[in-house]
Amino acid sequence: MTGQETAQGPKHKRDLTRRKVVAAGAGAVVAAGVGGTFAAGAFAGEEPRAAKETTAAGSGEICYKLTSETTEGPYYIDADKLRRDVTEDQEGIPLTLRLKVIDSESCKPLANAAVDIWHCNALGVYSGYEDMGSGGGGGTPPSGTPTGTPTGTPTGPPPGGGGGGHQEPTDDERYLRGTWRTDKRGFVEFRTVFPGWYQGRCVHIHTKVHVGGTWTDTGYEGGTTCHTGQLFFDEESVLASAEAEPYSTNTTTRTTLDEDTIYPGNGTEGGLLKLKYRKNAIAKGVVATLTLGVDPEATHDGTDDAVQPGASASASGS
């Protein structure tokens, strides 16, 4: 759970057959009751992608293109807490993240897959890496958070997460990180907060999908990673969030969706979330949905820095 190196090397590069997610004791039991049941079929309001606007015979499911793979980034910590509610004590706009995972070829839902999410807090800080400040690129960290250097001085990777390699955690915090299983219809739901921003990157959430493993009383073991991606937010929602506290106190220069070097620029296929919230009242909460089309036979651990459509050849992302 600590993410520290062992004699076998960093956890994120070890054989995935040894991967294990450890349940967070009684907290995981409480979290299991969050979110209720999931609706069948595709998410309301989500449109089929142009190249596969067909319906699988007898399945009632809409086929989607393969969701774009992106880099893992330097701040992934293996064996995160098994839970749906990853908020802990973090302030921010309540966000309900509902994902559906399907086989992009057969259109069938992938049940019992393990889905990881992780992202920065409202002020751009990642748990496990608090002393790097706002995403390692400077900016204003939360009050009382150790920075290691004066506020605004870049630490860790260059702006935008350049440098590529995994960074070993510097603290034991694990807020805004978690893993949960998909249900029989391929749905998984997380409770979190709307992410903030940091130097060089647009607002985003990281995700991984693991298949072929075994769920036990204590977590998820074995399997392979069939998808590593990032989930993105449209500019209108980000601008609205910037008016609410504590986002309004984040003085870091923001990178827009169009300026980002990781976002593939291909809409929902590239991870652009469908968002629902009350206009002029985003602080009340946001519901974000997306269907992830994955290849369960593939292995995409996100560490090969493969360049996606519209991305910079030098981008590695965080």
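## Accessibility classes and overall architecture

A residue counts as buried under 20% relative accessible area, as exposed over 50%, and as partly exposed in between. By this scale E88, at 38% relative accessibility, is partly exposed. The structure described here is a predicted model.

The protein chain has 318 residues, of which 55% count as buried. Its secondary structure comprises two helices and 11 strands. Read from the N terminus, the order of elements is β-α-β-β-β-β-β-β-β-β-α-β-β.

## Salt bridges

Eight salt bridges are present in the structure. One of them pairs K65 with E269, with 3.8 Å between the closest N and O atoms. K65 is in the loop between helix 1 and strand 2, and E269 is in the loop between helix 2 and strand 10, so this pair ties together parts that lie 204 residues apart in sequence. The two partners fall into separate accessibility classes: K65 is partly exposed at 29%, whereas E269 is buried at 18%.

R201 and D260 form another salt bridge, in which the closest N and O atoms are 2.7 Å apart. R201 belongs to the loop between strand 5 (187–193) and strand 6, while D260 belongs to the loop between helix 2 and strand 10; the pair therefore links parts 59 residues apart in sequence. R201 is buried, with a relative accessible area of 0%, and D260 is likewise buried, at 4%. Elsewhere, salt bridges that share partners connect K81, R83 and E88 into one network. Within that group, the side chains of E88 and R83 meet at 2.9 Å, N to O. R83 is buried at 7% relative accessibility, in contrast to the partly exposed E88.

## Backbone features

E88 also stands out in its backbone: its phi is positive, at about 55 degrees, although the residue is not a glycine. E88 is placed in the loop between helix 1 (25–31) and strand 2 (94–103). A positive phi, near 70 degrees, is likewise found at C107, which is a residue other than glycine. C107 lies in the loop between strand 2 and strand 3 and is buried, with a relative accessible area of 0%.

The peptide bond from E245 to P246 is cis, its omega being near 0 degrees. P246 is located in the loop between helix 2 (235–241) and strand 10 (274–276). A further loop residue is G212, between strand 6 (204–211) and strand 7 (214–215). G212 is exposed, with 74% relative accessibility. Its C-alpha atom is separated by 8.4 Å from that of P296, which is 84 residues away along the chain.

## Surface charge

A surface patch of negative charge gathers D89, E91, D172, E173 and E245. E173 is in the loop between strand 3 (114–118) and strand 4 (177–181). At 35% relative accessibility, E173 is partly exposed.

## Cysteines

A disulfide is a covalent bond between the sulfur atoms of two cysteines. A search of the whole structure returns zero disulfides. Among the cysteines, C120 is buried at 1% relative accessibility, and C202 is buried at 2%. C107, described above for its positive phi, is buried as well, at 0%.

How values were computed
Residues numbered from 1 in each chain as written. Predicted model: local features only at pLDDT ≥ 70, side-chain atom pairs only at ≥ 80, totals over all residues. Heavy atoms only, no water. Patch = residues over 30% accessible without salt bridge, like charges linked within 9 Å, V, L, I, M, F, W, Y side chains within 5 Å. Areas by Shrake-Rupley, 256 points an atom, 1.4 Å probe, with all protein chains shown as cover. Salt bridge = Lys/Arg side-chain N within 4 Å of Asp/Glu carboxyl O. Lys, Arg positive; Asp, Glu negative; His and termini not counted. Charge placed at Lys NZ, Arg CZ, Asp CG, Glu CD. Helix = DSSP H or I, 4+ residues; strand = E, 2+ residues; numbered from the N terminus. Buried < 20%, exposed > 50% of the residue type's maximum accessible area, 1.4 Å probe, protein only. Disulfide = S-S within 2.5 Å.
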